[in-house]
There are 4 protein chains.
Amino acid sequence: MKETIAFVGLGNMGAPMARNLAARGFTVRAYDQRMEAREALAAATDATAVASVAEAADGASVLVTMLPDNDHVKSVVIDEGAEALPARSLVIDMSSISPGVARDVHAGLADRGIAFVDAPVSGGTVGAQGGTLTIMAGGEADAFARAKPVLEGMGTTIVHAGGPGMGQVFKLCNQIIVVGNLTAIAEALTLCRAGGGDMERLLEALGGGAAGSWMLQNLAPRMVAGEDDVGFPIDLQLKDLRLVGEAAHAMGVPLPSTSLITALYLSARAHGEGGNGNQAIRKVYDRLADQAPDAKTG
Amino acid sequence: MKETIAFVGLGNMGAPMARNLAARGFTVRAYDQRMEAREALAAATDATAVASVAEAADGASVLVTMLPDNDHVKSVVIDEGAEALPARSLVIDMSSISPGVARDVHAGLADRGIAFVDAPVSGGTVGAQGGTLTIMAGGEADAFARAKPVLEGMGTTIVHAGGPGMGQVFKLCNQIIVVGNLTAIAEALTLCRAGGGDMERLLEALGGGAAGSWMLQNLAPRMVAGEDDVGFPIDLQLKDLRLVGEAAHAMGVPLPSTSLITALYLSARAHGEGGNGNQAIRKVYDRLADQAPDAKTG
Amino acid sequence: MKETIAFVGLGNMGAPMARNLAARGFTVRAYDQRMEAREALAAATDATAVASVAEAADGASVLVTMLPDNDHVKSVVIDEGAEALPARSLVIDMSSISPGVARDVHAGLADRGIAFVDAPVSGGTVGAQGGTLTIMAGGEADAFARAKPVLEGMGTTIVHAGGPGMGQVFKLCNQIIVVGNLTAIAEALTLCRAGGGDMERLLEALGGGAAGSWMLQNLAPRMVAGEDDVGFPIDLQLKDLRLVGEAAHAMGVPLPSTSLITALYLSARAHGEGGNGNQAIRKVYDRLADQAPDAKTG
Amino acid sequence: MKETIAFVGLGNMGAPMARNLAARGFTVRAYDQRMEAREALAAATDATAVASVAEAADGASVLVTMLPDNDHVKSVVIDEGAEALPARSLVIDMSSISPGVARDVHAGLADRGIAFVDAPVSGGTVGAQGGTLTIMAGGEADAFARAKPVLEGMGTTIVHAGGPGMGQVFKLCNQIIVVGNLTAIAEALTLCRAGGGDMERLLEALGGGAAGSWMLQNLAPRMVAGEDDVGFPIDLQLKDLRLVGEAAHAMGVPLPSTSLITALYLSARAHGEGGNGNQAIRKVYDRLADQAPDAKTG
């Protein structure tokens with residue numbers, strides 16, 4: 001028989017993830033502070049809507065959380081969930097939070113005999129809906145082994161990143177590369193345009209060589225076409241970049257390029273691009289360079 | 001009958017490129033200021049060694065140049081070659097130089113009725129030797145059409161980037177993305193290591209997703225393994241980044257991230273990595289972050 | 001009769017500040033979680049050592065706090081102090097914390113009828129000991145007026161920065177300029193040395209002109225002389241830069257240069273300079289540029 | 001009797017400098033490629049207008065040049081002046097050019113027995129008109145001694161920076177600090193405004209402390225007031241920053257912060273601020289941060 005899962009956090013990502021778990025035969029007891037969110041899930045699936053974290057956790061063997069930020073996870077998992085969860089249960093936090101907070105939560109649960117896996121995801125709402133997320137999981141080997149069947153109900157690529165907190169570290173590393181590559185592409189397109197070049201032809205020319213990447217293939221054409229309203233939103237990317245900054249301070253590790261790029265993303269948000277996809281970072285370059293009265297091609 | 005080609009510049013790139021042209025039936029008259037370079041080529045191929053640019057150009061219908069920098073191209077093409085070349089001949093400059101200088105050379109030759117194509121390459125010495133270079137060519141449509149059979153003797157991907165100078169612009173755009181992506185990968189690996197993570201596992205985990213790229217596939221493993229002595233050298237990358245900087249000033253286009261990354265590449269060279277491949281940029285991060293007495297994982 | 005002041009936080013800054021208040025006739029009830037700190041103060045001054053925040057606050061008309069970071073202030077002021085303070089009392093927080101947290105604390109106290117002034121300082125331990133601090137105070141006009149006589153017991157320049165939180169904003173602005181100017185001086189010295197120049201002569205030459213500043217006058221000579229073990233420590237500067245980063249995210253304001261400089265300060269700390277003064281940032285440049293085998297003067 | 005001076009380059013700076021020399025009793029033979037510039041000078045002073053560099057240099061014991069850039073100096077001094085100057089004459093180049101080019105010119109003149117001093121200035125058109133320039137001079141001790149009375153005809157602070165090229169190095173160091181400090185001030189003002197603060201009060205509060213500087217005193221109030229159309233223009237600052245970039249490449253010295261700031265100055269120029277003073281860099285921050293629909297004070 002499959003486990004009984006308490007699922008907390010039914011937003012754009014959490015709701016379809018909980019639905020997929022229910023569809024695969026898990027007994028799901030779902031909670032979100034917005035009543036309409038939990039009722040919508042219960043109406044559409046076999047999941048049961050419950051009225052509190054404690055009610056969800058009571059009797060569940062696994063608590064899965066998909067929450068916005070550090071404080072929500074600490075509050076839901078430690079302050080509310082841990083009391084109600086039975087001994088030897090497992091918490092899987094799939095939120096993107098600080099590696100340090102993930103380790104604190106792990107330690108807090110370990111004191112009570114509850115196992116913990118931090119398991120942030122990539123793949124966005126498309127991956128959440130299709131159950132095709134990539135999941136980067138940190139935790140002890142046995143906790144990971146126990147979490148794996150649950151994670152397989154939500155994603156297709158499940159990576160054991162390492163010990164507690166390491167799933168979050170991998171997630172941040174992923175974001176560092178994503179924004180670094182995208183910003184580089186935006187700067188290349190900016191130089192191309194300033195030089196009078198055809199940006200689409202540039203992408204064609206570079207796609208097959210050393211500059212080639214998933215981003216060049218998938219998001220660069222959107223940059224050129226101005227298709228900004230799809231994809232992983234800049235607001236969420238900024239949250240992850242804030243976590244990178246916090247981790248850099250906490251670990252004492254200098255990331256000069258990512259720090260600068262974070263400022264450029266803040267500029268994008270300041271200009272109302274927060275709801276647009278990552279590719280909208282290109283517009284910051286338009287603002288930096290445009291309307292040049294004395295620009296010369298040279 | 002194939003054209004007679006004057007080929008000037010027989011360095012690590014130029015020598016195998018000239019050899020490939022000779023092997024494909026072009027009549028090649030080769031010059032390099034180092035006598036041993038031109039004699040080595042003549043000994044190994046059907047190419048003829050000549051004693052000056054003028055002698056090479058005299059009677060040739062195409063002049064191909066593969067030279068270190070702006071000044072060499074101006075001097076060889078305008079000061080020496082243009083006098084000796086017949087009317088209606090064609091100059092193909094395959095050096096990496098400033099877009100603005102390429103356009104100046106184009107204009108100088110046009111005054112004398114000589115066509116011009118700027119055709120910088122990517123693919124390195126491996127591509128030069130195997131005749132598999134990617135060539136980004138700028139020039140009028142008919143000049144490009146005329147250059148194409150010659151370029152096909154040296155490369156497999158021949159792109160018409162646009163008008164005069166645009167080959168150089170595309171080349172610089174390529175380098176912007178290469179160093180931006182590599183630096184982002186280096187920062188991700190730095191955070192991974194500082195957080196106690198396994199860098200090889202990180203590359204495995206990220207390779208198939210949005211962070212995936214040719215660089216992640218090919219150079220990131222070398223970063224992790226410390227295989228620094230292969231690939232496109234940092235010294236040459238810095239020359240291209242200097243050209244990017246010059247173009248940014250000339251075109252009036254701000255490239256904040258590439259400007260910062262150029263400083264990091266200068267740091268790599270300052271520490272003796274100039275002869276190592278691009279992936280050695282990772283070592284700058286070791287120097288920025290290492291030996292941290294109070295680093296915490298957090 | 002002068003007010004009774006509860007003083008919480010007797011570190012390197014707080015202890016001499018409390019001593020100065022006692023010396024000027026205020027009744028001081030001092031608390032620090034380290035018993036030896038409060039006893040040392042009581043032994044050396046007229047201040048009374050008490051055993052808890054609540055005991056200090058009970059009956060005091062003013063609570064002054066000088067604490068390490070956001071969480072300490074929230075905990076001491078809101079969780080502990082607010083309960084014990086009488087109605088119409090005043091809290092003066094002299095810690096450097098987030099403007100947003102200062103505003104939250106202000107709002108939390110306002111709910112209970114307690115006035116609040118955020119009053120971070122500059123001037124370091126020398127200013128704290130001599131009672132010559134510069135104090136940047138944020139708060140309503142009447143709260144500021146009431147706080148002023150107390151603040152004058154600790155500093156000589158008392159600025160009303162604006163409403164609640166604005167003292168903290170001014171403090172962060174001060175730090176942005178300090179690190180920006182110092183980093184610029186470090187880069188100038190780096191270029192000077194790389195060019196074979198005499199750094200002392202450079203400081204002399206520039207001191208009287210447009211590049212002149214307090215930093216050039218006071219810290220630049222220490223950079224040149226390698227006198228790194230005095231002054232405001234890099235560890236504390238990094239704390240303030242972390243607050244700048246948090247404020248930049250919270251306010252949505254891009255600070256590209258300060259973001260980059262923060263990464264350079266992290267590098268300084270990673271190399272063991274955390275306990276040294278700000279001027280030690282120069283050493284990061286030595287690490288970036290030194291041992292250059294192929295450096296040329298040019 | 002005072003020396004006969006050939007003066008080449010009668011722009012906004014050169015014209016008043018030549019006038020001051022004539023007014024102090026030097027025999028001045030002035031040339032500029034614009035005939036109206038040399039005739040205007042001759043009409044207003046005792047200087048004689050001549051028709052070529054060679055005519056100016058012929059019989060002069062000192063050649064003073066004040067020219068826009070590297071190529072002009074090489075051309076005027078080496079290609080034209082050196083032929084016409086008598087043996088044992090002295091060239092004083094007061095242009096701002098690359099340290100490496102200054103050294104090349106020094107070497108080229110030394111071959112012909114002509115002494116050389118590179119002597120760039122600060123103080124702007126106000127200093128040129130009033131004869132109150134700061135002059136940073138590089139050259140051998142005897143060349144500097146010989147140049148000094150001439151330099152004292154144009155400036156009040158004459159610094160012997162070091163050997164050949166070192167005047168230029170000092171000038172670039174000055175500009176690094178100027179733009180670094182100004183950019184930091186711009187970021188501080190940006191944070192202040194985003195936080196709802198009063199920028200004038202900020203300047204007052206910070207002026208007397210560790211953040212104090214000539215720039216804070218003189219240009220920061222112009223930033224706040226939007227008085228952008230006075231002072232050293234961004235176009236000229238960008239020329240100097242281009243020279244910094246070239247020197248950084250040539251000397252192999254990484255200047256990450258100045259590199260980034262150069263990109264921000266390019267952005268200012270791209271938006272039409274090129275003719276405005278340095279303080280207009282603040283406007284780039286308005287463009288990065290403004291119109292923030294979701295900015296929060298926090």
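Here are a few friendly notes on this predicted model.

1. A word on conventions. Residues are numbered from 1 along each chain as its sequence is written, and chains are lettered from A in the order in which they are written. As the model is predicted, local features need pLDDT of at least 70 and side-chain atom pairs count only at pLDDT 80 or more, while totals for chains, interfaces and linings use all residues.

2. Chains C and D. Chain D brings 64 residues to their contact, and chain C brings 64 residues (two residues are in contact if their C-beta atoms, placed from the backbone, lie within 7 Å). On the chain D side, helix α8 (residues 166-194) gives the most, with 20 residues. That side has 38 nonpolar, 21 polar and 5 charged residues (Ala, Val, Leu, Ile, Met, Phe, Trp, Tyr, Cys and Pro count as nonpolar, Asp, Glu, Lys and Arg as charged, and the others, Gly among them, as polar).

3. Domains of chain A. The assignment, automatic or from a database, gives domain 1 (4-163) and domain 2 (169-289). Their C-alpha centres lie 30 Å apart. Their contact takes 11 residues from domain 1 and 11 residues from domain 2; on the domain 1 side these are 5 nonpolar, 5 polar and 1 charged.

4. Helix α12 of chain B. Helices here are DSSP runs (H or I, at least four residues), numbered from the N terminus. The 18 residues of α12 (residues 234-251) should span 26 Å at 1.5 Å a residue, and the end C-alpha atoms agree with this at 25 Å apart (the expected span is 1.5 Å times one less than the number of residues). In α12(B), 13 of 18 residues are buried (20 or more other C-beta atoms within 10 Å of a residue's own, C-beta atoms being placed from the backbone). Gly252(B) follows α12(B), with a positive phi near 70°.

Technical notes:
Helix = DSSP H or I, 4+ residues; strand = E, 2+ residues; numbered from the N terminus. Buried ≥ 20, exposed ≤ 12 C-beta atoms within 10 Å, placed from the backbone.
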